Amino acid sequence: VGAFFCPDTIHPMKIERQSPCKINLLLNVIRRRDDGFHELETLLHPVALCDDLEFMATAAGIQIECSHPGLKSDESNLIFRAARSFLETAEIDSGVYVRHEKRIPLAGGLAGGSANAAHTLRGLNELFDHPLNDRQLHEIAAAHGSDINFFLQDSPALATGRGENIVPCGPLPALAGKGLLLIHPGFGIPTPWTFRELADYPDALTGDAAKGEALVKHLQQADLQPEPNLLYNSLEAPVLPKYPLLRIFQEFLTARGAIVAMMSGSGSTTYALTDSPASAAALKDEFVGRFGPGCWLHALPLSSPQ
Ligand code: C5P
């Protein structure tokens, strides 16, 4: 049991799931909507940096044990909310115990919490023998956030609306064999702040639609080249002036050979795409040599977890 307590389970079955994260290869904001959300199109790519989740059925209640002291186990936790909606929708009387080993940085633009919610829905659906269909899972996902639906499937995908409409885009040959370096600067950026600040950057708030499809076509055919028109993130407009360190990171990474260096989601994580996993690892060492050990860094292959 280790540091975790022993739940009062009513069934010996335990479901284990790996909960990955994502980067945005494009995040194109199209307009602010009347409901306060922003219409966007974004190309999401799964990243095989994963939290671990374990699920067991209990007599009653929702208990969550998390390795990260900063994450509460109450209603503020997306795992809790997803589990409660699942049990209510499936009309299940028993409770659940969730053990959560957290590795993905918080408030980093990597959607670790959204992935946790999606994989809670998938894990509980498996644990209770599939009482909910895909449409029901997607409805619950969309009710709890804009990034959750993407993680109900495992492929790179184009997301539209506020991010909840997902179209998987199949293999992207231009990305085959590439490396990825993730850099979290040690501070998070609240997503609502980033979107609110967009109001001061009209150009970034009114992107032309259909850039996502153009990028998917590009990645299905060509070698990956720096394409400022195709690979960009509208949310950098408010974030980079406030956190110029992130711009300095991007300049360093591209000067050292990254194909692209961009912010993921609403920040604060910067990512670099490189020619190979080995060059991502080498870039990580160069980054630490230049900026010191203060940032969280992770180099890995850019492959889709299948
Ligand atoms: O949906 P999610 O919980 O991820 O969004 C967090 C916040 O980010 C929202 O409350 C909203 O302020 C902002 N947001 C937005 N437009 C989107 C997605 C998020 O304005 N498409």
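## The largest pocket

The largest pocket in this predicted model has a volume of about 1,200 Å³. Here a pocket is an open set of points on a 1 Å grid over the protein atoms alone, with protein on both sides within 12 Å along at least five of seven lines, and a lining residue has an atom within 4 Å of a point. Grid points are joined across faces, edges and corners, and the volume is the space filled by probe spheres (1.4 Å probe) set on those points. The lining runs to 49 residues, and the closest to the pocket's centre are Ser114, Asp147, Thr191, Pro192 and Ser266.

Helices (H or I, at least four residues) and strands (E, at least two) are DSSP runs, numbered from the N terminus. By class, the lining has 20 nonpolar, 21 polar and eight charged residues. Ala, Val, Leu, Ile, Met, Phe, Trp, Tyr, Cys and Pro count as nonpolar, Asp, Glu, Lys and Arg as charged, and the others, Gly among them, as polar.

## H1 and its two partners

H1 packs on H2 at an angle of about 30°, with the axes 8 Å apart. That makes H1 roughly parallel to H2. Axes are lines fitted to C-alpha atoms, for helices over the stretch in contact, and angles run from 0 to 180 degrees between N-to-C directions. Angles under 35 degrees count as roughly parallel, over 145 as roughly antiparallel, 65 to 115 as roughly perpendicular, and the rest as oblique. The crossing of H1 and H2 is right-handed (the near helix is turned clockwise from the far one by less than a right angle). On the H1 side the contact (heavy atoms within 4.5 Å) uses Leu78, Ile79, Ala82, Ala83 and Phe86, while the H2 residues include Gly113, Ser114, Ala117 and Leu121. This contact has eight nonpolar, five polar and no charged residues.

With H3 (134-144), H1 packs at about 140°, axes 10 Å apart. That makes H1 oblique to H3. This crossing is right-handed as well.

## H8 against H9

Further along, H8 (residues 244-255) and H9 (residues 277-291) pack at about 130°, with their axes 11 Å apart. The two helices are therefore oblique to each other, and H8 passes H9 in a right-handed crossing. From H8 come Ile248, Phe249, Phe252 and Leu253; from H9, Leu283, Glu286, Phe287, Arg290 and Phe291. That gives seven nonpolar, no polar and two charged residues.

Most residues other than glycine have a negative phi, and most peptide bonds are trans. His130 has a positive phi of about 60° although it is not a glycine, and sits in the loop between H2 and H3. The peptide bond from Gly267 to Ser268 is cis, with omega near 15°. Ser268 belongs to the loop between strands S8 (260-263) and S9 (270-274).

## Reading the numbers

Residues are numbered from 1 along each chain as its sequence is written, and side-chain values use heavy atoms, with hydrogens and water left out. As this is a predicted model, local features need pLDDT of at least 70 and side-chain atom pairs count only at pLDDT 80 or more, whereas totals for chains, interfaces and linings use all residues.
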